[in-house]
Amino acid sequence: MCRMWYIQDGINFSRHGLEQLEITATERITLAKQYEIRDWVAPAVQELLKLPLNSLSNDDLNQINLRVYSIIAKAKEAMERQRKIIAAFPPSLPKDSHDFQTAWCPSHTTCGKVWADTWWRVVARSILHPLNPLNPLDINKVADLLKTVDHQGMSTNCKEDMLRWLQLDGRSFNTLQAIEDGAIRSVLLACDFHCENS
């Protein structure tokens, strides 16, 4: 049942004051649940998904229950697995599509080898680098990163087509977003909001 004794003007005033403070993601989830502020959940979950779990203090862990912690931990594990898959398996160059010039590339096999080698040297190393866990490569920026790289031995047409293909297709990249969206939905359910207009 919705908590009718809450005075919305007072909640809005308090919320505005709280938003001016530095509140941890775990505190935001706790306050969101307590005062039914749905739109605080997504940014808090996104922040937690970027933090190493071992960076959470005992106070942080006390702020969220085991169910929310489990949702975050499972989502982080699924996202890490997907990032490793993206790193290990470069998308294949399209061969027979008339939307791309690569169908007529005389050295398409060579272009494919250069693409895979460049992917491993640039993208995979950026994703898998062990000293960069707090600032991992944004998967949505892979095409932008590859635009700046010299794909020596790859035809210009193949490179342009592959970058366009990445931007149009990007199915493996969308998997990461789907995992994040699922975690947000699960935490919203765990918060057990009663009011529709929070």
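Q: Which residues of α2 meet V41, P43, A44, V45, E47 and L48 in α3?
A: This is a predicted model, where local features need pLDDT of at least 70, side-chain atom pairs count only at pLDDT 80 or more, and totals for chains, interfaces and linings use all residues. Residues are numbered from 1 along each chain as its sequence is written, and side-chain values use heavy atoms, leaving out hydrogens and water. Contact means heavy atoms within 4.5 Å. On the α2 side, the residues are A25, T26, R28, I29 and A32.

Q: How do the residues of the contact of α2 with α3 divide?
A: Ala, Val, Leu, Ile, Met, Phe, Trp, Tyr, Cys and Pro count as nonpolar; Asp, Glu, Lys and Arg as charged; the others, Gly among them, as polar. The contact has eight nonpolar, one polar and two charged.

Q: At roughly what angle do the axes of α2 and α3 cross?
A: Axes are lines fitted to C-alpha atoms, for helices over the stretch in contact, and angles run from 0 to 180 degrees between N-to-C directions. Helix α2 spans residues 25–35 and helix α3 residues 41–50. Their axes come within 9 Å and cross at roughly 150°.

Q: What does that make α2 relative to α3?
A: Angles under 35 degrees count as roughly parallel, over 145 as roughly antiparallel, 65 to 115 as roughly perpendicular and the rest as oblique. The crossing therefore makes α2, relative to α3, roughly antiparallel.

Q: How many helices does the protein chain have?
A: Helices (H or I, at least four residues) and strands (E, at least two) are DSSP runs, numbered from the N terminus. There are zero strands. The helix count is nine.
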